[in-house]
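Work through the exercises below with the sequence and structure at hand. Each task is followed by a solution in steps.

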Amino acid sequence: MSRAYILRRLMMTIPSLLGISAIIYAILALAPGDPFGQLLTNPNVPPAVVAQLRKSFGLDDPVWLRYLHWLFAMLHGNWGFSFSSRINVSTLIFERLPVSLVILGAAEILAILVAVPVGVLAGTRPYSLFDKIANTLAFIGFSLPTFFTGLVLILVFSIRLRWLPFVFRTDLSVTGIAWLWQNILQSVMPVTVLGLFQGAALVRYVRASVLDVVKLDYVTTARSKGIGERKVITRHIVRNALIPVVTLVAVQLPVVFGGAIITEQIFRIPGMGSLLISSILSDDTPVVMAITFVYAVLVILFNLFADLLYAWLDPRIAYR
Amino acid sequence: MPEPLLEIRDLRTWFQTDDGTVRAVDGVSMAVGRGETLAVVGESGCGKTVTARSVLKLIDMPPGRFAGGEIIWRGRDLIPLKAREMDKIRTREIAMVFQEPMTALNPVYPVGEQIAESLRAHERLSVKAALARAVELLRLVQIPNAEGRVHDYPHQFSGGMRQRVVIAIALACGPQLLIADEPTTALDVTIQAQILDLLNDMKARFGMAIMLITHAMGVVAENAQRVVVMYAGKVVEDAPVEELFANPRHPYTQGLIRAIPRVDAKAEHRVRLEQIPGTVPSLLHPPEGCRFAARCGFATQACVSAEPELRLVGPEHKVACIL
Amino acid sequence: MPGSIPASLIADEAPPLRVEPVAEQRVSLRRQAWRRFRRHRLALISLFILGLIVFGVIFGPLLWPVSISDIDFTAILQGPSWAHPFGTDDLGQDLLARMIYGGRISIAVGIAAMAVAGGLGVMVGAISGMASGRVDAALMWLTDLFLALPQVPLLLLLIFLFRDTLRAALGEEGGIFLLIVVVIGGLRWMPLARLVRAQFLSLREKEFVEAARALGASRFRLMVKHILPNAIGPVIVAATIEVANAIITESTLSFLGLGFPPDVPSWGSILYDAQQYLDTAPHWALFPGFAIFLTVLSINFIGDGLRDALDPRRVI
């Protein structure tokens, strides 16, 4: 993958960032209740901060200048002051970000670990019993809303069986192995809920991708070389089938963020998602604005990463 | 004829579909001798590709199945062989070159690696040795700057070059039979001649036999020693090449030969290109009698009621026609 | 067929026989599609189940004429019984009646959101596919941009910002309904637009379109009469899945307290209250949750069946 390609791809993130932030800004500017005005007039904001915000958001300037000021401020982490928590929004968010990313990451890994083998097996034996069962389970998996699965798991494992805690705590008083174990116990349910939901959708994509690749000519060529069916599957089919799946995982990430928000809410995980919900419910505009922006940036970053990964995996792309 | 290298006896390869059983190959017999080129000719859908793929058992077996017959390779029937046994024969003893060079190579591996793959599997060469052999093979198939290009990806080669790479892969282990399924159909006319010449060179160098699948009679005339004509899943004529062109006995063969455009002196007047009227019968519900009867100018009642057997009408010349 | 009968090299006494090819069965496309759909057993069962659900939701109040807001403090948090087949909530309100009402809302939201997404998507996709060059590039850039938006946060943001105004303007139910439908539809049209555009691009070059164009058909007519009917298959499948998506999204929003408020009993808002009583009255949460699951599952299976029926690329 040439340096030129990487550079080109990086350059492409700029218009995306501009476009998305423009949309978010437009929504905020056109919304009733003047969210921007609120930033200044809310009684909870100390006067010193008001003055600084007025300057950094340039609220006395024409629209497009305001937008640029705003964008500049957002990119610098100048996110204002939270109405309800009375601290800088950036402090609040960066406190919560790691937990969200860890849960998200663990769930994604679980999803991939489950979906890839199942999808490949189902795709290489289409219409077999395994395939039919896997397919049906996948359908059930992504038809179950995450909040329902979460509630049922809590009902069974926390309330009835009392095996797992259902309140997530970042302030555990134990250390060492006990701390790790406690963390694992309290993460099992949210990671499972999120991971299996994502995994169910992934199984179908992996299977479809494998089915597409199996039909291709180079698979027949590979078979005709007499290298053994196992090598044909791993070296030729899977290697190629996973390429579009990589993009898919990245493209699905906005959806997974959504699922993570709900999971955090149900299991009371102090992450960014639950912060978003609580700030909406408490009309804490600056936090809502900042979190939306952070999510948008995360999506752009992950898409960039996925594109680069795709180009690395498929030699044809970088030469275009 | 001395003991043939490959003998297909009464092969039936059928496919299960939503609408019924498609009898793609329905009782086909032919043989390839040591070091000779057998051309298998017929229009699209007559079963020649399925026959070729059946030899190496590259047919998808859930919809496809062998409903009868034998494929005898050096005295052994290939049909009952398990996959692992079959793998030992693939590329090492029988190799195949496919029709579409643009899609025949895996896009994510360099071509050298793809050639080396079979070498490592069959001859257990080390990575280095296999790569060196790959370079040699690329040189053999006349790819310029072989050392440089061995690490290039398939998309960096043109169609003709890719087909050469495919041939290199096929020849890697020195097979005794090369099945070439329409190797030049997807290529430019100028490249076609080069590829066919390359195949003949390789044949001479390695003493290979070639089973050449094609629908172009011109290619047959120039490259084959013996010809088998197929129609709707069956063999209709089987003869040495000169005999076939001099004395075609089956009406279908006659039609095929007459349909060759002529640019030589004989075509002085502007003669309309001959066509064979009608279309191929459905392989789902093949007709009772001769499958060509619907398009044959000489069809009789006997033709429609019973299928004609392949019978000997001359030295090594068989025809499935009552005429 | 054009072409001369070959002059015979061998003189033949018997006159040449004309043999008729076996006549092909002419089965209508619709019948074929239905036959393929029927083959998908789960889709068939789901069609039946969904039919039951829709029937129950439409005719429910006639068969079970209990009010959704009859408060009865003597019968709070009761499990299923003859008087209350789905039990009661913390105000003694009958859950079966509320579920029937909620079903109407949820399904209506699903269909309406699908209509918005479908309408927008087909329009953008068709224009993009038929035009080319700059219009196409511009529309696709817009589509990609929207696709990169973080949907749930944006959904929440929009609802946060516009909820009060719409509620004031159109009333509790109407306001939220409009907001949710527009917002969900407005963020889900992109995959449909892409799909429609891809279909148009491939069909545009096909021979029958060339033929129609040669006969003088206008671009609009080409689009509507010739291409659209052929493009519609995958679009129907995608639209079906959208209904399921919309239902899940609406229930998720209501569950979070950001959709329909608890006194408007959509399946999600019922769950919003029910989650606090999970240990004492699990039936309250399980019934709506299961209803959502069953509806969405059936729709997804039906979508799969439609895919088999309308887009048969299966080999077996």
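**Exercise 1: The side of chain C that touches chain A**

In this predicted model, 37 residues of chain C are in contact with 41 residues of chain A. Find which helices of chain C supply at least two residues each to this side, and describe the residues there by type.

Solution. 
- Step 1. The helices that each supply at least two residues are α5 (151–170), α9 (219–255) and α11 (282–310) of chain C.
- Step 2. α5(C) gives the largest share of this side, with 11 residues.
- Step 3. Sorted by type, the side of chain C that touches chain A has 28 nonpolar residues, eight polar and one charged.

**Exercise 2: The fold of chain C**

Determine how many helices and strands chain C has, and what percentage of the chain is buried.

Solution. 
- Step 1. Chain C has 11 helices and zero strands.
- Step 2. Of the 316 residues in chain C, 41% are buried.
- Step 3. Take the contacts in chain C between residues at least 6 apart in sequence: 69% of them join residues at least 24 apart.

**Exercise 3: The largest nonpolar core**

Identify the residues that touch the most other members of the largest nonpolar core, then list what B:Met211 touches.

Solution. 
- Step 1. The core holds 257 residues, and those touching the most other members are A:Ile291, B:Ala168, B:Leu177, B:Met211 and B:Met230.
- Step 2. Helix α3 (residues 95–130) of chain C contributes the largest share of this core, 16 residues.
- Step 3. Leaving out residues up to four places away in sequence, B:Met211 touches B:Val32, B:Leu38, B:Val40, B:Ala52, B:Leu177, B:Ile179 and B:Ala180.

Note on methods
Residues numbered from 1 in each chain as written. Chains lettered and ligands numbered in written order. Predicted model: local features only at pLDDT ≥ 70, side-chain atom pairs only at ≥ 80, totals over all residues. Contact = placed C-beta atoms within 7 Å. Helix = DSSP H or I, 4+ residues; strand = E, 2+ residues; numbered from the N terminus. Nonpolar A, V, L, I, M, F, W, Y, C, P; charged D, E, K, R; others polar. Core = buried A, V, L, I, M, F, W, Y, C linked by C-beta atoms within 7 Å. Buried ≥ 20, exposed ≤ 12 C-beta atoms within 10 Å, placed from the backbone.
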